[in-house]
Amino acid sequence: MTATDTLRDTLRATLRTLVGDAHVLTEGDLTAYEQDWRKRERGRALAVVRPGTTEEVAAVVKACAAAGVSLVPQGGNTGMVVGSIPDASGTQVLLSLQRLNRIRTIDAANLTVTVEAGCVLQTLQEACEKEGFLFPLSLAAEGSCTIGGNLATNAGGTQVVRYGNTRELCLGLEVVTAQGEVWSGLTGLRKDNTGYDLRHLFIGSEGTLGVITAATLRMYPMPASQLTAFAAVPSLDAAVELLGLAHKHLNAGLTGFEVMGDFALGLVRKHFPQQNVPFGGMSPYCVVLENSDHESESHAREQFERLLEAALEQGCVLDAVVAENIAQARALWHIRESIPLAQAQEGLNIKHDISIAVSRIPAFVAETDALLEQHFPGARLVNYGHLGDGNLHYNVQAPDSADAEAFLRDQEGPINALVYEVVDRYNGSISAEHGIGSLKREKLAHHKSPVALGAMRAIKGALDPHNLLNPGRVLAVD
Ligand code: FAD
């Protein structure tokens, strides 16, 4: 046994005394913790540690810092950019926040909920709804992703057009620092101009600056009615035109506006044939949109009817259905939410989570589609996303006949370079909502300005000088 082995065994023993034997996993099947959701990579942890309180998280971080061992925070492990699993060295501690899952308080008058980082998003939505409130963050992984992960990636989802990203929903944080200290900023204040707002440093930092243990989040009054429509549109330009009309007719009632290319919908038809996807093959794109109304359902329907009449008249909608009840609305949303799952079933693929000013999206897609068709004939383009926020999941699936693994190995680099070059020319972002992780780290170095990268390195160096928190993610730091 080497000296390093002895040190690691000593650390494992210390961790067991801190959180209990049952919550330090070193053997058995650890796939759920060590493999990323997209099955792109598999790491190996020195130990999976599952603390149950903020104090235990702080003690674990302190023990690892003392041993010079780095930690990878993990929530639901649904991240898209390989940021929540350990590397393959077997030297990192995987810090699972899943046991820190209590809803601490709901403050109805302040319209806030204080919740621990490991609480599953859907559990939080349901708890708020039980008290008559809406927690509006919503995404297809909500049954397993956690609030801590949502904050650490500044997740977006389907309601951003009205409520903003997770950042806009957060009024306060509790964080364990890289030194194992606890910063408690759970004030729930809407106004607090007392110097730098630390909360915004930790949000979106993907576990590289601190471990989020709890958050105070905004809730909203539950709307009287939420109506969903599904529309076939003749082009992406028409979808953008429809978005403009929806803003005008629905105003703040517009709470969702998603676009789906026909090929993406075709994958849902293929892999989930039990789902009834309207307008099969009728149009190159469909849109799902939502109207949340605080007056009544009849008012919401009238508004929707006026919008769709205007859109049909202008020719930006070919046909549309409006859900008659909640079950139908859920089924329509389910189609949109099934696209990433259908794509995963179709096989390995290349994801581009990009944002571009909404007005420029049709030109961006036309130009990039043409370039990809020219240079990578047969590659299948799976295009869908949060058009209301200018965020597209512009993904590429291997040609039908190709070996997907070989296609990814040989073509991912050139395809990324092509797509991101056009994104740069359109002044867009190479990661709208998924973050950087390790998958896009090299890309960040090329697409972010040197001034911004320098400032990010300085912040990392100040908060985590020994590079112990999720090293190698977001930034390359020596
Ligand atoms: P993890 O995957 O466990 O972690 C993600 C990152 O956060 C890692 O870097 C990790 O180290 C860090 N982290 C996790 N917890 C903490 C913590 N407590 N403190 C500090 N760092 C932490 N994202 C969107 O934005 N919009 C979408 O619409 C969307 N749809 C999705 C649909 C599907 C089917 C899937 C699988 C994913 C989707 N995502 C989407 C990706 C999204 O990033 C995650 O679903 C979610 O935000 C991550 O939460 P998680 O708990 O799974 O975090």
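User: How do I read the packing of helix 13 and helix 14 (residues 404–425), and at roughly how many degrees do their axes cross?

Analyst: Two packed helices are described by two things, the angle between their axes and the distance between the axes. This is a predicted model. In it, the axes of helix 13 and helix 14 come within 10 Å and cross at roughly 155 degrees. Angles over 145 degrees count as roughly antiparallel, so helix 13 is roughly antiparallel to helix 14. The crossing of the two is right-handed.

User: Which residues of helix 13 and helix 14 meet?

Analyst: On the helix 13 side they are Phe364, Glu367, Thr368, Leu371, Leu372 and His375. Their partners in helix 14 are Leu418, Val419 and Val422. Sorted by class, this contact holds 6 nonpolar, 2 polar and 1 charged residues.

User: Where do helix 9 and helix 13 lie in the chain, and how do their axes cross?

Analyst: Helix 9 covers residues 236–250 and helix 13 covers residues 361–375. Their axes come within 8 Å and cross at roughly 165 degrees. Helix 9 and helix 13 are therefore roughly antiparallel, and their crossing is right-handed. Leu236, Asp237 and Val240 of helix 9 make the contact with Ile361, Pro362 and Val365 of helix 13. That contact of helix 9 with helix 13 has 5 nonpolar residues, 1 charged residue and no polar ones.

User: Are helix 10 and helix 12 roughly parallel or roughly perpendicular to each other?

Analyst: The angle decides. The axes of helix 10 and helix 12 come within 8 Å and cross at roughly 75 degrees. An angle of 65 to 115 degrees counts as roughly perpendicular, so helix 10 and helix 12 are described as roughly perpendicular to each other. Helix 10 contributes Ala264, Leu267, Val268 and His271 to the contact. Helix 12 contributes Ile335, Ser338, Ile339, Ala342, Gln343, Gln345 and Glu346. By class, the contact of helix 10 with helix 12 has 6 nonpolar, 4 polar and 1 charged residues.

User: Into which domains is the chain divided?

Analyst: The division gives domain 1 (3–96), domain 2 (103–221), domain 3 (223–345) and domain 4 (347–434).

User: How many residues of domain 3 and domain 4 are in contact?

Analyst: The size of an interface is often given as the accessible area lost when the parts come together. Here the description is a count of residues: 15 from domain 3 are in contact with 17 from domain 4. On the domain 3 side, helix 9, strand 13 (254–261), helix 10 (262–271) and helix 12 each supply at least two residues. The residues on that side of domain 3 divide into 11 nonpolar, 2 polar and 2 charged. Taken over C-alpha atoms, the centres of domain 3 and domain 4 are separated by 23 Å.

User: How many residues surround the ligand, and which are the closest?

Analyst: The ligand is surrounded by 38 residues, and the closest are Gly75, Gly79, Gly148, Gly149 and Gly207. By class, the shell has 16 nonpolar, 19 polar and 3 charged residues.

User: Which parts of the chain supply the shell around the ligand?

Analyst: Strand 3 (71–74), helix 5 (147–152), strand 10 (211–218) and helix 12 (326–346) each supply at least two of its residues. Helix 5 gives the most, with 4 residues. In terms of domains, the shell draws at least three residues from each of domain 1 and domain 2.

Methods. Residues numbered from 1 in each chain as written. Predicted model: local features only at pLDDT ≥ 70, side-chain atom pairs only at ≥ 80, totals over all residues. Axes fitted to C-alpha atoms, helices over the stretch in contact; angles between N-to-C directions. Parallel < 35°, antiparallel > 145°, perpendicular 65-115°, else oblique. Left-handed = near helix turned anticlockwise from the far one by under 90°. Contact = placed C-beta atoms within 7 Å. Nonpolar A, V, L, I, M, F, W, Y, C, P; charged D, E, K, R; others polar. Near = placed C-beta within 6 Å. Domains from an automatic or database assignment.
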